[in-house]
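Colleague: I would like to go through this model step by step. Shall we take the whole chain and then its parts?

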Amino acid sequence: ATQLVRYLYRKTEGKLPIIGVGGVDSGEAAYEKIRAVASLVQLYTGLVYGGPGLVPDIKKRLVELMAEDGVGTIYQAGGIDS
């Protein structure tokens, strides 16, 4: 799914919003989609299995991962891997 996000971003030259879906059940999985330039990240199955506590867990981990990459905003993280 993340490979498809990268592919679509390149093919559309970033002109369309891309929603990162599939396997998002952690901060790492969400950040992987963001780094591949997903405009949005969908939590569906991960939320079903992880419950509402998954959202603050993901937010906390995103902050940590961004700090490790030396970026201050989600927008700066977008495209690191595309």
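Colleague: What share of the accessible surface of the protein chain belongs to carbon and sulfur atoms?

Modeller: Keep in mind that this is a predicted model. The accessible surface comes to about 5,300 Å². Carbon and sulfur atoms hold a share of 57%.

Colleague: Which pattern does the protein chain follow along the sequence?

Modeller: Begin with the elements. The protein chain has 5 helices and 2 strands. Read along the sequence, the pattern is α-β-α-β-α-α-α.

Colleague: What radius of gyration does the protein chain have, and what would a compact globule have?

Modeller: The C-alpha trace spans about 35 × 30 × 15 Å along its principal axes. For 82 residues, a compact globule would have a radius of gyration near 12 Å. The chain agrees with that, because its own value is 12 Å.

Colleague: How far apart do the centres of the positive and negative side chains lie?

Modeller: Count each set. There are 9 positive and 9 negative side chains. The centres of the two sets lie apart by 7 Å.

Colleague: How many residues of H2 are buried?

Modeller: H2 is mostly covered. Its buried residues include Gly27, Ala30, Lys33 and Arg35. The cover includes helix H1 (2-12), strand S1 (19-20), strand S2 (40-41), H4 and helix H5 (74-77). The count for H2 is 7 of 9.

Colleague: Is Val37 buried or exposed?

Modeller: Val37 follows H2 and is found in the loop between H2 and S2. Its phi is positive, about 80°, although Val37 is not a glycine. The cut-off for burial is under 20% relative accessible area. Val37 has 16% relative accessibility, so it counts as buried.

Colleague: And Glu13, buried or exposed?

Modeller: Glu13 is found in the loop between H1 and S1. Its phi is also positive, near 55°. Exposed means over 50%. At 61% relative accessibility, Glu13 therefore counts as exposed.

Colleague: What is the C-alpha to C-alpha distance between Tyr7 and Asp25?

Modeller: Tyr7 is found in helix H1. With 42% relative accessibility, Tyr7 counts as partly exposed. Tyr7 and Asp25 are 18 residues apart in sequence. In space, their C-alpha distance is 22 Å.

Key: Residues numbered from 1 in each chain as written. Predicted model: local features only at pLDDT ≥ 70, side-chain atom pairs only at ≥ 80, totals over all residues. Heavy atoms only, no water. Helix = DSSP H or I, 4+ residues; strand = E, 2+ residues; numbered from the N terminus. Rg over C-alpha atoms; globule rule 2.2 N^0.38 Å. Areas by Shrake-Rupley, 256 points an atom, 1.4 Å probe, with all protein chains shown as cover. Lys, Arg positive; Asp, Glu negative; His and termini not counted. Charge placed at Lys NZ, Arg CZ, Asp CG, Glu CD. Buried < 20%, exposed > 50% of the residue type's maximum accessible area, 1.4 Å probe, protein only. Contact = heavy atoms within 4.5 Å.
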